[in-house]
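Try each task before you read its solution.

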Amino acid sequence: MHKISTSVTFDECHDLIMMKVRGVATANDVVSAYEKANLYAKKHNSSKVLVDVSELEHRFAAIDIVNIMPKVVHHIGNLHIARVVGFEGYMHDLFLQKVKRFNISAENFECFKSAREWLSRL
């Protein structure tokens, strides 16, 4: 049973995809969320994605990040990802570290405004 909620919208003014993911996520939920972001980005011809995961709890082992990363990268390889993260947990930092090893343009931020400003400079 999934305990995750994902909403995706397009911000036409800033030409970016905005996604909010909250709840308790499995490794497959993470892959699915980025797959949705990619599909929405293609639909709106945008390469910028702002993901708010500040209310997301990871319910999987850290090693699973390594296992899912090729699938995630497949979906976000052509995107710029700004992630708003909460203060809890090291999984957000681990995710960012692993995704950057694939030369993905991604950063973690503590607030929405900083994340959007970073994307606007790209």
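**Exercise 1. The cover over α3**

Which elements cover the buried residues of α3? Keep in mind that this is a predicted model.

Solution. 
- Step 1: locate the helix and see how enclosed it is. Helix α3 runs over residues 91-100, and seven of its 10 residues are buried, so the rest of the structure largely encloses it.
- Step 2: name the buried ones. They are M91, H92, L94, F95, L96, K98 and V99.
- Step 3: look at what sits over them. The cover includes α1 (27-43), β3, α2 (63-76), β4 (80-84) and β5 (105-109).

**Exercise 2. Salt bridges around E55**

Find the salt bridges of E55 and say which parts of the chain they link.

Solution. 
- Step 1: start with the total. The whole structure has five salt bridges.
- Step 2: take the pair with K20. E55 and K20 form a salt bridge whose closest N and O atoms are 3.0 Å apart.
- Step 3: take the pair with R22. The side chains of R22 and E55 also meet in a salt bridge, at 3.4 Å from N to O. Again distant parts are linked: R22 is in strand β2 and E55 in strand β3, 33 residues apart.
- Step 4: check the surroundings. K20 is buried, at 15% relative accessible area. E55 is partly exposed at 46%, and R22 is partly exposed at 36%.
- Step 5: widen the view. K20, R22, D52 and E55 are linked in a network of salt bridges.
- Step 6: pick up another pair. E57 and R59 meet in a salt bridge at 3.1 Å, N to O, and E57 counts as partly exposed at 41%.

**Exercise 3. Cysteines**

Solution. 
- Step 1: recall the cut-off. The two sulfur atoms have to be within 2.5 Å.
- Step 2: apply it to C13. The closest cysteine sulfur belongs to C111 and is 19 Å away, too far for a bond. C111 is likewise in no disulfide.
- Step 3: give the count. It comes to zero disulfides.
- Step 4: C13 is exposed, with a relative accessible area of 75%, while C111 is partly exposed at 33%.

**Exercise 4. Asparagines with positive phi**

Where do N45 and N103 lie, and are they buried or exposed?

Solution. 
- Step 1: note the backbone angle. N45 is not a glycine, yet its phi is positive, about 50°. For N103, also a residue other than glycine, phi is positive and near 60°.
- Step 2: N45 is in the loop between α1 and β3, and N103 is in the loop between α3 and β5.
- Step 3: check accessibility. N45 is exposed at 69%, and N103 is exposed at 70%.

**Exercise 5. A loop valine**

Find out what V85 touches beyond its sequence neighbours.

Solution. 
- Step 1: check burial. With a relative accessible area of 12%, V85 is buried.
- Step 2: list the contacts. Leaving out residues up to four places away in sequence, V85 touches V53, S54, H92, N108, F109 and E110.
- Step 3: zoom in on one of them. V85 and E110 are 25 residues apart along the chain, and their C-alpha atoms are separated by 5.7 Å.

Key:
Residues are numbered from 1 along each chain as its sequence is written. This is a predicted model: local features need pLDDT of at least 70, side-chain atom pairs count only at pLDDT 80 or more; totals for chains, interfaces and linings use all residues. Side-chain values use heavy atoms; hydrogens and water are left out. A salt bridge is a side-chain nitrogen of Lys or Arg within 4 Å of a carboxyl oxygen of Asp or Glu. Helices (H or I, at least four residues) and strands (E, at least two) are DSSP runs, numbered from the N terminus. Buried means under 20% relative accessible area, exposed over 50%, partly exposed in between (1.4 Å probe, protein chains only). Contact means heavy atoms within 4.5 Å.
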